[in-house]
Amino acid sequence: RFLKMEEFFPESFRLDLEDERNAFFELCKEEQIWICKPSCSNQGRGIFLIKNPASVDTLQAKLHSTEEHLLNKRVPYKAAKARIVQRYIQQPLLLEGKKFDVRSYLLIACTVPYVLFFAQGYVRLTCVNYDAASDDLTVHLTNQHMQKKNSLYSQLKDETVWRMEHFNSYVNEKFRKTNGLPKDWVFTVFTKRMQQIMLQCFLAAKHKLDRKLGYFDLIGCDFLIDQNFKVWLLEMNANPALHTNCQVLRDIIPTVLYESL
């Protein structure tokens, strides 16, 4: 069955579309956290948190200023910068007190006919314990490029990436009984949910794909699990990081590439 977007994707608005932009500014009058990120970017570049009405006003003024600048220059396409704002999930599941997400892979191996494959990836953790109120982005963003900015990264580097087997054992030990989870939840329920979400996203976008022999793409999909063990898709990356700067990545990334090719 098809999922409703609110079942797996945090409430989001495109700031380059006037109707969605206005809907967002109308909605976010209260104290709540949103995450603002540019499209077509990676490594956490350009991401910031919106945490109060003052930061909303700043964003609104900035967008207005940008639009006026484009109008004055008579740019044909007068849209605001392509960004989205996404409701921040403030109660993520934590591993040893740290925020994490899961990077897994969708391989579109062929478009004539459509052939898709799924690959388990790895878990990305922050260096320091989670605090929703913190202004430090390394507390909120788990990617390695962002974690490198934390002074503890050099000594904790290998602890910021877990194998899925390690994650599965941890969930079995720490959460299985207290949360009534089936054994090996990570490799059963969670994995099936990731596949279901990836497939739905592919079906939504496949009409935009060129169909030609030899076309393929490896997509990195980032998932977050909240305290209720609900699975959220954060984003899908058309240019996923393939660096191998710690032992777990040295074991996983070459295999993903080899199997893809």
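**Salt bridges in close-up**

A search of the whole structure finds eight salt bridges, a salt bridge being a side-chain nitrogen of Lys or Arg within 4 Å of a carboxyl oxygen of Asp or Glu. The model is predicted, so that local features need pLDDT of at least 70 and side-chain atom pairs count only at pLDDT 80 or more, while totals for chains, interfaces and linings use all residues. Residues are numbered from 1 along each chain as its sequence is written, and side-chain values use heavy atoms, with hydrogens and water left out.

**View A. Glu 235 and Lys 37 meet through their side chains in a salt bridge (3.2 Å, N to O).** The pair links distant parts of the chain, 198 residues apart, with Glu 235 in strand β10 (residues 231-237) and Lys 37 in strand β2 (residues 34-38); helices (H or I, at least four residues) and strands (E, at least two) are DSSP runs, numbered from the N terminus. Glu 235 is partly exposed at 28% relative accessible area, whereas Lys 37 is buried at 9% (buried means under 20% relative accessible area, exposed over 50%, partly exposed in between, with a 1.4 Å probe and protein chains only).

**View B. The side chains of Arg 163 and Asp 251 form a salt bridge (2.3 Å, N to O).** Here strand β8 (residues 161-163), which holds Arg 163, is linked to helix α9 (residues 247-260), which holds Asp 251, and the two residues are 88 residues apart. Arg 163 is partly exposed, with a relative accessible area of 34%, and Asp 251 is also partly exposed, at 31%.
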